[in-house]
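Subject: Structure handover, pockets and cores

Hello,

Here is the structure I said I would pass on.

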Amino acid sequence: MTTVLSDPAQDAPRIYLASASPRRRELLAQIGVAHQVLAVPAPPGEDEPRHAGEAAEVYVRRTAREKAERGVRYLRDQALAPLPLLAADTTVILDGDVLGKPADREDAIAILQRLSGRAHQVHTAVVVAAGGMLHEAVSVTDVRLRPLDRRDIERYCDSGEPFGKAGAYGIQGLAGIFVAHIAGSYTGVMGLPVFETAELLGRAGVLLP
């Protein structure tokens with residue numbers, strides 16, 4: 001039994017998406033790429049550990065590449081149709097630190113306090129595996145949040161939106177009102193830069209409408 005999730009409302013899938021992110025699904029649908037979610041089992045141990053001394057920019061590239069490689073092995077092991085596979089990873093970087101998904105409410109508050117009134121970078125690495133090759137790109141976007149007081153942050157945490165999101169915020173949701181400036185890819189901050197994604201899919205032979 002495989003763990004491929006499909007949407008019967010879509011056309012025949014053209015790629016696999018090695019991610020459960022609803023935002024990535026929405027963005028692929030936006031650019032007309034029918035897909036199936038491939039639920040690749042996570043490796044044992046810590047979730048997406050950062051190696052000692054590893055630069056944040058290197059970390060996000062490596063993590064996306066490893067996701068793609070695990071997906072390719074899973075496709076082979078399950079004897080699934082050999083469609084291109086897309087994997088991605090999004091990381092919020094401030095002062096060289098990776099600000100990942102908050103562990104709990106207090107962690108979310110601490111992350112948002114660090115981001116308050118400051119500029120940070122959002123790196124989203126995208127990898128498309130096809131024909132034995134890995135096609136890779138990274139989108140880098142500068143984002144600055146307005147100054148946030150404790151009440152802003154606690155009210156936002158009450159919404160539940162910070163949890164499960166790198167940097168404890170989602171630009172496409174309520175946190176959009178916190179974003180004072182953005183330079184780069186809005187969809188990259190959401191989790192899948194559509195410009196870079198379209199270029200990589202083209203290299204893999206997936207033609208967009």
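The notes below cover the pockets and then the nonpolar cores.

Please keep in mind that this is a predicted model.

The largest pocket holds about 1200 Å³ of space. Its lining is made up of 46 residues, and Arg-24, Glu-48, Lys-67, Asp-89 and Lys-101 are the closest to the pocket centre. Two or more lining residues come from each of α1 (22–30), β3 (35–38), α2 (56–78), β4 (85–94), β5 (97–99) and α5 (186–190). Of these, α2 gives the most, with six residues. Sorted by class, the lining has 23 nonpolar, 11 polar and 12 charged residues.

For the second largest pocket the volume is about 190 Å³. Residues lining this pocket include Val-72, Leu-75, Pro-82, Leu-83, Ala-129 and Leu-134. At least two lining residues each are supplied by α2, β6 (119–130) and β7 (133–145). The class count here is 10 nonpolar, two polar and no charged residues.

Nonpolar cores

The largest nonpolar core has 41 residues, and Leu-28, Leu-86, Leu-115 and Tyr-169 have the most contacts inside it. Helix α3 (residues 105–115) gives the largest share of this core, five residues. Leaving aside residues up to four places away in sequence, Leu-115 touches Val-92, Leu-94, Leu-99, His-120, Leu-145, Gly-167 and Tyr-169. There is also a second, separate core of 13 residues, with Tyr-16, Ala-64, Tyr-74 and Ala-87 among them.

Regards

Definitions and conventions
Residues are numbered from 1 along each chain as its sequence is written. This is a predicted model: local features need pLDDT of at least 70, side-chain atom pairs count only at pLDDT 80 or more; totals for chains, interfaces and linings use all residues. Side-chain values use heavy atoms; hydrogens and water are left out. On a 1 Å grid over the protein atoms alone, a cavity is a set of points where a 1.4 Å probe fits but cannot get out, and a pocket is an open set with protein on both sides within 12 Å along at least five of seven lines; lining residues have an atom within 4 Å of a point. Grid points are joined across faces, edges and corners, and a volume is the space filled by probe spheres set on the points. Helices (H or I, at least four residues) and strands (E, at least two) are DSSP runs, numbered from the N terminus. Ala, Val, Leu, Ile, Met, Phe, Trp, Tyr, Cys and Pro count as nonpolar, Asp, Glu, Lys and Arg as charged, and the others, Gly among them, as polar. A nonpolar core is a set of buried Ala, Val, Leu, Ile, Met, Phe, Trp, Tyr and Cys residues joined through side-chain atoms within 4.5 Å. Buried means under 20% relative accessible area, exposed over 50%, partly exposed in between (1.4 Å probe, protein chains only). Contact means heavy atoms within 4.5 Å.
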